Structure formats: C-alpha cells, structure tokens
Amino acid sequence: MNRSEQKRALACAVTAAKASGQLMRKNLRATKKIASATQHDIKLELDVLCQKRIERLLRRAFPDIAILGEEGVLGDPTAARRWVVDPIDGTVNFTYGIPHCCVSIALQIRPARAAEYRTVVGVVYDPFCDELWTAIRGGPARLNGKIIRVSQQRRLDEALVSVGFAKQTHSLNKMLPTFNQLIHRVRKIRIMGAAALAMVYVASGRLDAYLEYGLRLWDIAAGGLILECAGGEFWRQPLADDYAYHVKAGNGRLRRQLAQFE
C-alpha cells in the first residue's frame, strides 16, 4: 500500500470514526439497551450499531479489506490487509453516562512472508471532547491536525501514570500487585477506563505512561501507532487469549524504571 492509498485510508477511517462518534453523542444520555453483561464488562446494542456504521463506510471505500472488530469480523481476519476496529472503547464509561470513551480504527498490513502485522494508519476519536488523533506510519502524530509529542518526563516520582484492569480475573490478579507497588512510586495513578484514550494521552504528553495486562488488539492498534509516531514506546507481549496483549506504553524516558513492574 503506497502513501497515497494510506492517506485515502486515513481519510476514510476519520469519516467512519466521526460517524460512529455521532451515534455515541446522540445516545450518551439515552437509556442504554444492554446486550450482555458480566461482573466487569458490558456489551450494548449500540456497540454493534456503531460497528455496522463503521463497516459500511470502510467497505464502501475499500471493499476488499477485511475487518476485525470487537463486535464481529468481516472477511478473513488473517488476510494481508485488515482494519482493526473498536466502535466504542470505554463501553462501561459510556453506559454510565461518563463521557470518556472513543472510537478506534487502525489499518494493518502483513508484508509478504512476514508473520506479524504492521499498523500503517491509526485514528482515535473522542466525540465528547471533539478530539481526533491521527497517524500514518513514518509521519508525525497529530491531534486535530497539530503535531503532538510525548512528554520529556524522566523521573518516575514526578510521573502521571495510567493503569487499567481488564475484565478477566487472571488479568485483574496480574495488575493488582503492579498497582500496589506503583502507587507509592509515582506522582499519581489514573484509572480512566478507555485504553485507546490512555494511549493517545501518552502520545499527547498528558500522561507519561500507561500499563495494562489483558488488552485486546482493537484497544491498542490505532493508539499504539499514534504513540510511536509521537516519539513514544509501545511495548506489547502477546498472551494466550486470542488478540490479547500485555502492554506498556510510555514516553521512552521511563523505560528502565517501569521495567520492574510486571
């Protein structure tokens, strides 16, 4: 995929993200229809409606590219090119009327004879703050069109760090010791409930780092590229569950100090 195609893909992803965001804004204060719920997670009918709207727009422009979404798959998710979509990242926040959630769309390619995908386009859109983060691999990360960079923070005791607790019990148990150790070593910890926004907040210098165990690919694909293009580090380790990862995202200056927290 050449640069011109990537730019077209970015424009298409922005259109799709804003279309999904429009539905989110319209329904934030509305009564939510819950499709399923567990102790630590909620699935809404609107999750599916938002993904369907995104799928229609992406497929209209790129009918041959597969779509791997949190709410379902179109085409072959192991194809050489695929969209990775989270229609509402932060669904629990959204369900409770908390306007801290977003749309995340990434385009990934797998080069010939390569085992791993590379994210080449990333879009994260917060419809409630009207903030749009974008990146094309090899170029700068942008927030509403302006170039952004990670923070320069080198001191852990002055750092603002976000952590997350995924819905699985083993993921919760993995993160609790990290939280208990980290809280005494940093300036403040934030638990905000939307992984993609945490990633782009690090990219924007609002946070210095973000850690979570058990994130899914659609949570991190777009935000990870945006973070890298903003000069940050996006470390991820695949886990046994499908599309699940252990993630450490940071400004690159706290790497050694964060390495001790597993």
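Start with Tyr-243, which at 28% relative accessibility counts as partly exposed (buried is under 20% relative accessible area, exposed over 50%, partly exposed in between, with a 1.4 Å probe and protein chains only). Trp-218, on the other hand, counts as buried at 11%. The rings of these two, Trp-218 and Tyr-243, have centres 5.9 Å apart and planes at 50°, so the pair is tilted. For the cut-offs: rings of Phe, Tyr and Trp (its six-membered ring) pair if their centres lie within 6.5 Å, and planes under 30 degrees apart count as stacked, over 60 as edge-to-face and the rest as tilted. Trp-218 lies in helix α6 (residues 217–229) and Tyr-243 in the loop between β14 (233–238) and β15 (244–250), so the pair ties together parts 25 residues apart in sequence. Helices (H or I, at least four residues) and strands (E, at least two) are DSSP runs, numbered from the N terminus.

A word on the source: this is a predicted model, where local features need pLDDT of at least 70 and side-chain atom pairs count only at pLDDT 80 or more, while totals for chains, interfaces and linings use all residues. Residues are numbered from 1 along each chain as its sequence is written, and side-chain values use heavy atoms, leaving out hydrogens and water.

Now look at Phe-94, which is buried, with a relative accessible area of 0%. Lys-32 lies over the face of Phe-94, 5.0 Å from the ring centre; a charge sits over a ring if NZ of Lys or CZ of Arg is within 6 Å of the ring centre and within 35 degrees of the ring normal.
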